[in-house]
Amino acid sequence: MPEHATTAVAPEAEPLLRTRGLSVHYGGVTANADIDLTVGAGEIVGLIGPNGAGKTTFVDAVTGFARSSGEVILSGRRIDRSGPHRRRRAGMARTWQAGELFSDLTVAQNLAVAVQPVGLRAMVADVINGSRPPAGVVEKALDVVGLTDVADRRPDELTLGQQKLVGVARALVGDTGLVLLDEPAAGLDTHESREFGGELRRIAATGVGILLIDHDMSLVLDVCDRLYVLDFGRVIAAGSPAEVTRDPAVVAAYLGSAEVEAEPDTPTDGQASGESTATESTATESTTTESTATESTATEETR
Ligand SMILES: Nc1ncnc2c1ncn2[C@@H]1O[C@H](COP(=O)(O)OP(=O)(O)OP(=O)(O)O)[C@@H](O)[C@H]1O
Ligand SMILES: [Mg+2]
C-alpha cells in the first residue's frame, strides 16, 4: 500500500472488522477499555473471558447498541457514528446472549422477521402491501447453515443444536459479511457443540467473518483461528488458541476458574463440572424460551 494513499483504507488491505481503542463506560464501570481487535473475512475469532469481563459489551459497542469511544471500521469504512440499523445494513449482524426464537413461527418465518425493515415508512408499506423480505434471502441463509429441510418446522420440532443454528441463520440473512455470536452454543452437550462447531467452520468457509463468544472451551479452542481474552474490559492476551491457553495471565484470570465449561463427558474435575453439566442438561430438555431463561440464570449464578 503506497504511503500517499487516501485516508479511506483500501478494503483489500483491511480486515473485515477492526476496532481501535474501543472503550465503553457505564457510570464508574469501564466495561471495555481500549480494545484493538480484528476479524478477517472467513476467519473465526474467539472472544473469551470471565463473567462480566465485557464480552457482550464489546458486541453491543461494535453493533451500535452501546455508546462507545474509539473506532469501529468495517471493510475499511468507519461506522462508529452510525446507528445499529445502518451497521446491520452495512453487513454486520449479531446474535443476542438470550436469543430465543419465536416459538409459534416456522424456522423460515423466524428468519423472515429478522429482515423486516424498520421505521414508520416501512410500517405503512407493511400495512398497504404486506411486507416480505427480498426473494431468496431466507432460503440462502438456511442453505448456508444446512437447515433447508426444516424451513417449515417450528423451533420445538428441532433439536437444540438446530435451534441454535436458526439463531445464527437469522443473523446471516441478507448481505451479512460479519456475524458476532454471543454464546450461541449455550446449553449444547459435547456432541451437539462439536457439530455446531463444524457448521461454524462451514459458514466461515463461505467467506463470512465470525466473532465467537462462548464459555465452552472445547468449542472455542476447536474452531477459532485466533482468540482475544478479556478481563475487566481489557485485552489481556491475544493469539492462537495454543498461545493463549498457555499464557499464565489467562489461566489465572479465566481458564482456572469455575465459569469455564468443563466437558460433560469427561467429569474429571470433580464437583464443579458436575454442577455445570446439570445446568446444561436442564437447558437441553426444556423448550426454547425456557432454555434461554435457564441459560441466563446459569450465567447470573456464576457471577
Ligand atoms: N447496560 C449496562 N449498564 C451498566 N452496566 C453494564 C451494562 N451492561 C453491562 N454492564 C457491566 O459491564 C461489565 C461487562 O458486562 P458484560 O455483560 O459485557 O460481560 P460479559 O463478559 O458479557 O459477561 P458474561 O460472560 O456473564 O456474559 C459488567 O461489570 C456489567 O455489570
Ligand atoms: Mg455476556
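Over residues 263–303, under what value does pLDDT stay, and how many contacts beyond four places in sequence does the model have there? Select that stretch to begin: pLDDT stays under 50 across residues 263–303, and the model has 53 contacts beyond four places in sequence for them.

This is a predicted model, so colour it by pLDDT before going further. At the other end of the chain, select residues 1–7. Here too pLDDT stays under 50, with three contacts beyond four places in sequence.

**The whole chain**

Switch to a cartoon view. The protein has twelve helices and ten strands. Of its 303 residues, 39% are buried. Take the contacts between residues at least 6 apart in sequence: 66% of them join residues at least 24 apart.

**The sheet**

Next, select strands S6, S7, S8, S3, S9 and S10. They form an open sheet of six strands, in the order S6-S7-S8-S3-S9-S10, and the pairing is mixed. Strand S6 (92–94) and strand S10 (234–239) are at the edges; each has a single partner strand, so one side of each has no neighbour in the sheet.

S9 and S10 run antiparallel and are joined by five bridges. To pick out one pairing, select Val-229 and its bridge partner in S10, Ala-237.

**Helices on the sheet**

Select helix H6, residues 160–172. H6 lies across S6 and strand S7 (178–182), and runs at about 145° to S7. Then select helix H7, residues 190–205. H7 packs on the sheet, where it touches strand S3 (44–48) and strand S8 (209–213). The direction of H7 makes about 150° with that of S8.

**Around ligand 1**

Finally, centre the view on ligand 1. Which residues are closest to it? Of the 13 residues that surround ligand 1, the closest are Tyr-26, Ala-31, Asn-51, Thr-56 and Thr-57. Colour the shell by residue class: four residues are nonpolar, eight polar and one charged.

To see where the shell comes from, select strand S2 (29–39) and helix H1 (55–63). Each supplies at least two residues of the shell. H1 gives the largest share, with three residues.

Conventions. Residues are numbered from 1 along each chain as its sequence is written. Chains are lettered from A and ligands numbered from 1 in the order in which they are written. This is a predicted model: local features need pLDDT of at least 70, side-chain atom pairs count only at pLDDT 80 or more; totals for chains, interfaces and linings use all residues. A residue is near a molecule or strand if its C-beta atom, placed from the backbone, lies within 6 Å of it. Helices (H or I, at least four residues) and strands (E, at least two) are DSSP runs, numbered from the N terminus. Ala, Val, Leu, Ile, Met, Phe, Trp, Tyr, Cys and Pro count as nonpolar, Asp, Glu, Lys and Arg as charged, and the others, Gly among them, as polar. Two strands pair if DSSP finds at least two bridges between them. Two residues are in contact if their C-beta atoms, placed from the backbone, lie within 7 Å. Axes are lines fitted to C-alpha atoms, for helices over the stretch in contact, and angles run from 0 to 180 degrees between N-to-C directions. A residue is buried if 20 or more other C-beta atoms lie within 10 Å of its own, exposed if 12 or fewer, and partly exposed in between; C-beta atoms are placed from the backbone. pLDDT is the predictor's confidence in each residue, from 0 to 100.
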